Amino acid sequence: TIQGFIFDLDGVLTDTAEYHYRAWKRLADELGIPFTREENEALRGIPRRESLLLLLKGRTYPEAVLSELMDRKNGYYLEFIRELSPRDVLPGARELLQEIRAAGLKTALGSASKNAREVIERLGIAELFDAVADGYSVTRQKPAPDLFLHAAALLNLPPSACVVVEDAEAGVEAALAGGFYVVGIGPQERVGRAHIVLPSLAEARLSDLCQQLLH
Ligand code: B16
Ligand code: MG
């Protein structure tokens with residue numbers, strides 16, 4: 001039986017991908033590296049350092065420069081997310097979180113972002129989580145299952161009793177590798193390996209999800 005839900009943040013509960021894009025774009029412009037919205041899609045769910053390396057397209061820099069570039073991008077990102085408010089929670093997300101808690105099940109965040117706590121505070125949904133696993137929680141990133149296993153451990157639940165909700169291919173793979181039920185948010189080409197695929201959380205109801213996952 002299902003006793004907990006672990007939610008990815010960017011792309012599932014809110015669309016911070018747009019702000020990540022604008023911040024990376026600004027950095028890329030400063031470096032004279034072409035970077036499009038389409039290329040940004042490849043950074044979905046990918047941690048900061050790996051994202052930078054993808055953006056650099058094989059250009060190499062000393063470690064100290066890489067650190068400075070990551071800090072610079074994060075500074076731009078922090079400027080953008082200052083504008084986040086409860087209106088930026090994606091349709092259906094808050095309602096589903098509330099429904100899960102009202103049913104007596106547990107909720108956790110499972111995000112690769114080091115800014116995850118700040119984002120959920122600004123969205124006004126921080127108090128809807130029993131636990132937070134973020135970019136500081138584990139070393140091995142998605143598609144390794146570590147982040148979700150950490151979140152499940154914080155909830156005191158085995159993976160087999162938890163559902164992971166993810167929008168990124170690497171996140172779906174991470175959840176499958178950990179032995180979780182997986183709900184994929186987005187196109188079949190990206191999250192088709194999940195047990196259930198939905199376009200968004202807009203119509204998602206707890207009873208339907210559980211029924212479809214356990215059938
Ligand atoms: P930060 P998620 C991910 O969030 C984003 O999708 C990805 O674009 C970003 O690079 C990553 O977090 C790290 O974010 O730079 O804030 O630590 O989808 O795992 O919630
Ligand atoms: Mg995501």
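Reader: Does Asp8 count as buried or exposed?

Author: A residue is called buried if 20 or more other C-beta atoms lie within 10 Å of its own, exposed if 12 or fewer, and partly exposed in between, with C-beta atoms placed from the backbone. Asp8 has 28 C-beta neighbours inside 10 Å, and therefore it counts as buried.

Reader: Before we continue, what kind of model is this, and how are its parts numbered?

Author: Residues are numbered from 1 along each chain as its sequence is written, while chains are lettered from A and ligands numbered from 1 in the order in which they are written. Local features need pLDDT of at least 70, side-chain atom pairs count only at pLDDT 80 or more, and totals for chains, interfaces and linings use all residues, this being a predicted model.

Reader: Where in the chain is the place of Asp8?

Author: Helices (H or I, at least four residues) and strands (E, at least two) are taken as DSSP runs and numbered from the N terminus. In those terms Asp8 has its place between β1 (4-7) and α1 (17-31), in the loop.

Reader: Which positions does UniProt list for "binding site"?

Author: UniProt positions are given here in the numbering of this model, with feature names shortened, and the annotations may be inferred rather than shown by experiment. In an unreviewed entry, UniProt gives "active site" at Asp8 and Asp10. For "binding site", also from an unreviewed entry, the record lists Asp8, Asp10, Glu166 and Asp167.

Reader: How many residues do they span in sequence, and why do they gather at one spot?

Author: No two of their C-alpha atoms are more than 9.0 Å apart, so they gather at one spot although the sequence they span is 160 residues.

Reader: In which strand is the place of Glu166, and which residues does Glu166 touch?

Author: Glu166 is placed in strand β4 (residues 162-166), and it is buried because 30 other C-beta atoms lie within 10 Å. Contact means that the C-beta atoms of two residues, placed from the backbone, lie within 7 Å. Not counting residues up to four places away in sequence, Glu166 touches Asp8, Val12, Gly171, Val172, Ala175, Val182, Gly184, Ile185 and Val191.

Reader: With which residues is Asp10 in contact, leaving aside its neighbours within four places in sequence?

Author: Asp10 lies in the loop between β1 and α1, and it is buried, with 24 other C-beta atoms within 10 Å. Leaving aside neighbours within four places in sequence, its contacts are Thr16, Ala17, Ser111 and Ser113.

Reader: Which residues come nearest to ligand 1?

Author: A residue is near a molecule if its C-beta atom, placed from the backbone, lies within 6 Å of it. Of the 20 residues around ligand 1, those that come nearest are Leu9, Asp10, Ser111, Ala112 and Ser113.

Reader: Finally, what percentage of the residues of the chain count as buried?

Author: The chain has ten helices and six strands, and its C-alpha trace spans about 50 × 35 × 30 Å along the principal axes. Of its 215 residues, the part that counts as buried is 40%.
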